[in-house]
Amino acid sequence: MNKYDVTALGELLIDFTESGTSPQGNPLLEVNPGGAPCNVLSMLTRLGHTTNFIGKIGKDMFGDLLGEALKEVGIGVEGLMIDTEVNTTLAFVHTFPDGDRDFSFYRNPGADMMLSVDDLKEDQIRNSRIFHFGTLSMTHEGCRAATKKAIEIAENAGCILSFDPNLREPLWNSLDEAREQILYGMGHCQILKISDNEIQWLTGEDDFDAGVRWIKERFNIPLILVSLGGEGSRAYTDTLRVEVPAYIQANTIETTGAGDTFCACVLHYVLDHGMEGFTEAGLAEMLTFANAAASIVTTRKGALRVMPTADEVEALIKG
């Protein structure tokens with residue numbers, strides 16, 4: 001029996017999100033716990049799964065806040081480490097009128113980058129059904145080596161590996177380096193969640209079916225998910241292609257965490273149903289639930305602390 005359903009490795013940081021203006025006309029910023037891997041784990045925890053996070057925060061007020069937030073939502077913190085030399089990573093999020101975002105990172109360095117191979121506790125990875133990772137832990141040499149070592153441990157233990165590129169251009173020395181690491185991740189996963197703009201950038205294909213073909217010609221990934229924002233999402237297996245429209249919310253305020261919520265719901269489905277015998281109806285059910293959950297998160301500030309319950313998701317689907 002595995003101790004954890006899902007272990008994720010990567011960044012845990014503060015998202016400063018816009019929250020109106022002060023009487024003097026200055027922008028007000030709200031401190032929201034964030035970081036894609038923990039957003040994924042938060043939704044999985046909300047859906048009843050056991051989770052564990054591997055990553056680093058600073059010994060500062062923001063690190064304290066993040067550690068408390070993980071405990072509050074029920075994410076396992078056995079792999080959470082504190083760096084006494086480097087401050088917690090900060091991200092400032094500017095939201096456009098359509099809900100899309102622009103990021104400014106304070107991370108040169110940030111504590112999340114300081115994860116090293118020596119920090120890894122191998123049993124935490126081995127004792128997981130799914131190991132989930134992204135690329136923010138692959139932007140710099142030390143944390144990249146730690147990520148790749150964790151991937152190797154997970155593969156040797158027979159874990160299912162889940163990968164979300166989550167491209168954040170400002171954090172890379174070059175987009176060529178980003179491409180190289182994303183391709184590495186694709187070579188080491190059974191589940192790939194990729195966004196519409198990421199697949200177009202990576203493959204040079206505007207048509208998503210053509211983009212997925214490009215990936216399939218190079219990598220054997222049994223389950224590929226393409227998130228299409230307001231257009232919904234698609235799932236691809238060796239033989240199936242299923243598309244489900246989005247749930248459009250009139251009161252969307254920002255899209256932070258929507259892709260992570262979607263990804264978590266896909267992992268939830270795989271934990272319940274396994275990686276064999278996918279059907280069109282099953283994938284449609286998976287995407288419907290994931291799209292609905294993601295749409296609910298767009299109506300809330302932040303993500304990690306405000307994930308919807310299964311009942312809320314089902315109510316939206318029925319309604």
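First stop: in which strand does Gly20 lie? Select residues 13-21 and you have it: Gly20 lies in strand β2. Keep in mind as you click around that this is a predicted model.

Stay on Gly20 for a moment and show its surroundings. Leaving aside residues up to four places away in sequence, Gly20 touches Asn26, Pro27 and Leu28. Now draw a distance from the C-alpha of Gly20 to that of Glu30: the two are ten residues apart along the chain, and their C-alpha atoms are separated by 9.3 Å. Buried or exposed, or something in between? Gly20 counts as partly exposed, because its relative accessibility is 48%.

Next, the sheet. Colour its strands in the order β5-β4-β1-β8-β9-β10-β11-β12-β13: that's an open sheet of nine strands with mixed pairing. Which strands stand at the edges? Pick out β5 (76-83) and β13 (241-244); each has a single partner strand, so one side of each is left without a neighbour in the sheet.

Zoom in on β11 (residues 223-227) and β12 (residues 233-236). This pair runs antiparallel and is joined by four bridges. Select Ser227 and look across to β12, where Ser233 stands opposite.

Now bring in the helices. Show residues 36-46, helix α1, which lies across β1 (4-9), β4 (51-58) and β8 (128-133). Its direction runs at about 145 degrees to β4. Then switch to α5, which also packs on the sheet: α5 touches β8, β9 and β10 (191-195), and its direction makes about 150 degrees with that of β9.

Two loop stops to finish, both with backbone geometry worth a click. Most residues other than glycine have a negative phi, and most peptide bonds are trans.

Start with Asn166, in the loop between β9 (160-163) and α5 (175-186). What is the phi of Asn166 near? Check the torsion and you'll find a positive value, near 45 degrees, in a residue other than glycine. Asn166 counts as buried because its relative accessibility is 11%, and the cut-off for buried is under 20%.

The peptide bond joining Asn108 and Pro109 is cis, with omega about 0 degrees.

Conventions
Residues numbered from 1 in each chain as written. Predicted model: local features only at pLDDT ≥ 70, side-chain atom pairs only at ≥ 80, totals over all residues. Heavy atoms only, no water. Buried < 20%, exposed > 50% of the residue type's maximum accessible area, 1.4 Å probe, protein only. Pairing = 2+ DSSP bridges. Contact = heavy atoms within 4.5 Å. Axes fitted to C-alpha atoms, helices over the stretch in contact; angles between N-to-C directions.
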